[in-house]
Amino acid sequence: MIRSLALRSELLVMDGQTHVTDLGDYLVQETPAEPDYWMGNQLILKRADLDKAAVEAAFVRHLPQAKHRAIVWDIPDLDADRVLPPFLADGYDRDICDALSLTGDIASAETPSGIVLRAIEADADWDQTIAMAHEIGLQEGYAAEDYTRYLVSRSHARRQQIARDLGQWFGAFEGDLLVAHMGMFHDDHVARYQHVETRKSHRRRGICAALLRHCRLWALDRAPDATPVIVADTDGAAGRLYRRMGFAHTETIVGVLRKPA
């Protein structure tokens with residue numbers, strides 16, 4: 001039903017939280033418990049020639065409570081200029097990302113002195129993931145109230161999935177302080193990294209690289225045949241780090257987003 005590796009792995013991460021309805025030319029993804037999760041409530045288009053007005057009308061019809069608009073094309077390596085101009089002219093932001101996969105060994109990465117890598121388990125640790133993500137989100141321009149509600153809801157959903165043994169969340173700690181965190185979810189075929197973040201004060205110290213390797217080895221032990229996949233903004237600094245760790249470009253996915261007013 002889904003051609004894109006990025007989208008398929010995202011649905012894996014959302015297992016038990018989201019559902020997808022195939023309506024021919026497009027699919028509707030809904031996450032009822034998390035209406036503020038933009039990419040959990042979106043249209044997934046199968047064709048590049050669908051009219052913008054018809055697409056927007058379908059979004060409103062199927063997701064009437066949504067304050068945002070999120071649309072993605074399930075066409076790997078689609079030429080963005082074929083589909084984006086009408087949306088960009090109407091106030092949408094482009095949302096283009098690369099899916100990268102690891103087909104060999106992940107690069108070596110030593111854990112920096114004073115840093116401990118471990119699973120996120122205690123309530124206080126989970127609270128730190130929310131607080132840190134909130135701080136980074138404000139730095140990136142997200143609205144405080146809406147983003148806080150989204151983060152709390154996402155954290156609750158992740159803990160439910162971990163309780164079902166679908167994956168794990170990991171943190172890098174300096175003493176009791178969480179300085180980086182990320183998730184890893186998998187089935188027998190794909191191991192998907194999720195929501196990789198490092199505290200601004202602790203970047204460029206090799207912490208993220210060490211945590212990436214830590215997560216990979218954890219997944220390798222559980223699902224040795226699963227291909228590790230990570231998604232990053234095209235040409236971003238994070239993508240360059242992932243490539244240094246051994247990941248290679250698999251596909252580019254094109255989407256648009258209009259945030260709530």
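Mentor: Let's start with a polar contact of 2.7 Å that joins the side chains of Thr 252 and Asp 98. A polar contact here is a pair of N or O atoms within 3.5 Å; within protein, one must be able to donate a hydrogen and the other to accept it, and residues adjacent in sequence count only if both atoms are side-chain atoms. Please keep in mind that this is a predicted model, in which local features need pLDDT of at least 70 and side-chain atom pairs count only at pLDDT 80 or more, while totals for chains, interfaces and linings use all residues. Residues are numbered from 1 along each chain as its sequence is written, and side-chain values use heavy atoms, with hydrogens and water left out.

Thr 252 sits in strand E11; strands (E, at least two residues) and helices (H or I, at least four) are DSSP runs, numbered from the N terminus. With 17% relative accessibility, Thr 252 counts as buried (buried is under 20% relative accessible area, exposed over 50%, partly exposed in between, with a 1.4 Å probe and protein chains only). Setting aside neighbours within four places in sequence, Thr 252 is in contact with residues including Asp 98, Ile 96, Thr 234 and Asp 77, where contact means heavy atoms within 4.5 Å.

At 46% relative accessibility, Asp 77 counts as partly exposed.

Now the wider setting. The sheet is open, with 11 strands in the order E1-E2-E3-E4-E11-E5-E10-E9-E8-E7-E6 and mixed pairing; two strands pair if DSSP finds at least two bridges between them. Strand E1 (19-22) and strand E6 (116-119) stand at the edges with a single partner strand each, so one side of each has no neighbour in the sheet. On average, neighbouring strands are turned by 25° against each other, direction ignored.

Axes are lines fitted to C-alpha atoms, for helices over the stretch in contact, and angles run from 0 to 180 degrees between N-to-C directions.
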